[in-house]
Amino acid sequence: MRTSVIPVAGLAALAAAPLGAQNLTYEMNAQVTPRCGVYSSSGTVIDVNFGSLADVATTATVSVGAGSATYRCNGRTGFTRTITSQNNGWLTLDGNPTTDASRRIRFNMQHGGGSGMGFPTQQLTAPLSRSFPGNPTWLAGQTGGITFQAFGVRGAPAANGVPGTTVLAGNYRDTVTITVTAN
């Protein structure tokens, strides 16, 4: 009797298994494009006004805080930050490029912040470029304060006490741009 029970149990198991079973598979896919940028809560164009430098001695400087810059990037290989000065670290008369000392005023930039983004006070005589590796820290953003420093132009008074300057009168300008690109 035992021998007849085994074949019946085996037939029941075969009847329960579907014959010619098929599977349906969904292969999921999505893309996330690189998004990298630099932002300031003060806007996309920040006005930095040093005031009248004619009253500041050439041995002194005027420092102006320019808020902060926040860097965000989702690039797996990180990003490159490039900081440029239109006039190579000089405020120039009417913003026109020149090497004439009577038409330009030296200025410096300082950038704070962690993750290697900070740098000490320096003149932007050439583009300042640095690559930052990919890191989850950049997803939430890293912020650093920015300060600019302009040099005074008040010259020594003449023999009769009349004050003078080392540059011509007028409006002196430059444009500093921070560019962030995914590596």
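The model is predicted: local features need pLDDT of at least 70, side-chain atom pairs count only at pLDDT 80 or more, and totals for chains, interfaces and linings use all residues. Residues are numbered from 1 along each chain as its sequence is written, and side-chain values use heavy atoms, without hydrogens and water.

Of the 38 lining residues, I46, D47, V48, D174 and V176 lie nearest the pocket centre. A pocket is an open set of 1 Å grid points over the protein atoms alone, with protein on both sides within 12 Å along at least five of seven lines; lining residues have an atom within 4 Å of a point.

C36 and C73 form a disulfide (cysteine sulfur atoms within 2.5 Å). C36 sits in strand β1 and C73 in strand β2, so the bond ties together parts 37 residues apart in sequence. Strands are DSSP runs (E, at least two residues), numbered from the N terminus.

N108 lies in strand β5.

| Pair | Distance |
|---|---|
| C36 sulfur and C73 sulfur | 1.9 Å |
| N108 side chain and R106 side chain, polar contact | 3.5 Å |
| N108 side-chain polar atom and Q123 backbone nitrogen | 3.2 Å |

A polar contact is a pair of N or O atoms within 3.5 Å; within protein, one must be able to donate a hydrogen and the other to accept it, and residues adjacent in sequence count only if both atoms are side-chain atoms.

Conventions: Helix = DSSP H or I, 4+ residues; strand = E, 2+ residues; numbered from the N terminus. 1 Å grid on protein atoms, 1.4 Å probe; cavity = no way out; pocket = protein on both sides within 12 Å on 5 of 7 lines; lining within 4 Å.
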